[in-house]
Amino acid sequence: AVVSTQSTGIRDMKEEGLIVYYRDWIGIVQAYSPVYHSQLDISIWCDYYGTGTMHRCTGIEPWAFWVHHRKKYAFPAHLVQPPLPSLSFINESWPVPHGGIELQKIHYPNDWWKVSKPKGC
């Protein structure tokens, strides 16, 4: 089901004029908008084990390095239970996790409050 949904999503993004790549090692879909000069990275998450914890479910890396990924790349499933709030990106409304910055606190426990800007900004 994940592969079918991912393939449909990639096809739909290409039909909208986005340049789309699937990075099979890390399991991320990257979509570039030549019109808006922007990039969207999409990773697909699942609660495979029914434990209430979401894990990345595509790509080779999450499966090859499962111990590292289960500790670092996981979060509570309740943060993504429908209905989700939304934000606007490229003139579209996109679902986002509940709890605002709570997901950042989980993935970046030592510096979630710091503002990090790319070089040149």
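**Notebook: confidence, pocket and cores**

I began with confidence, since this is a predicted model, and I noted that the protein chain averages a pLDDT of 84, with 91% of the residues scoring at least 70. I then looked up where confidence is lowest in the protein chain and found helix α3 (residues 66-72), at a mean of 69, whereas strand β2 (residues 28-33) has the highest, at 92. I keep in mind that where pLDDT is low, the predicted coordinates should not be read in detail.

Next I turned to the largest pocket, which holds about 980 Å³ of space and is lined by 25 residues. Nearest its centre I listed Asp-41, Ser-43, Trp-45, Pro-95 and Pro-97. I sorted the lining of this pocket by class and recorded 17 nonpolar, five polar and three charged residues. Tracing the lining back to its elements, I found that β3 (38-43), β5 (53-56), β8 (92-95) and α4 (102-107) each supply at least two residues, and that the largest share, four residues, comes from β3.

Which residues make up the largest nonpolar core? I wrote down six, namely Ile-10, Met-13, Leu-18, Val-20, Val-29 and Ala-31, with α1 (2-15) and β2 each supplying at least two residues of this core. Taking Val-20 from that set, and leaving aside its neighbours within four places in sequence, I found it in contact with Ile-10, Met-13, Lys-14, Val-29, Gln-30 and Ala-31. I also recorded a second, separate core of five residues, among them Met-54, Phe-75, Ala-77 and Leu-79. As background to this entry, nonpolar side chains tend to be buried together in soluble globular proteins.

Definitions and conventions: Residues are numbered from 1 along each chain as its sequence is written. This is a predicted model: local features need pLDDT of at least 70, side-chain atom pairs count only at pLDDT 80 or more; totals for chains, interfaces and linings use all residues. Side-chain values use heavy atoms; hydrogens and water are left out. On a 1 Å grid over the protein atoms alone, a cavity is a set of points where a 1.4 Å probe fits but cannot get out, and a pocket is an open set with protein on both sides within 12 Å along at least five of seven lines; lining residues have an atom within 4 Å of a point. Grid points are joined across faces, edges and corners, and a volume is the space filled by probe spheres set on the points. Ala, Val, Leu, Ile, Met, Phe, Trp, Tyr, Cys and Pro count as nonpolar, Asp, Glu, Lys and Arg as charged, and the others, Gly among them, as polar. pLDDT is the predictor's confidence in each residue, from 0 to 100. A nonpolar core is a set of buried Ala, Val, Leu, Ile, Met, Phe, Trp, Tyr and Cys residues joined through side-chain atoms within 4.5 Å. Buried means under 20% relative accessible area, exposed over 50%, partly exposed in between (1.4 Å probe, protein chains only). Contact means heavy atoms within 4.5 Å.
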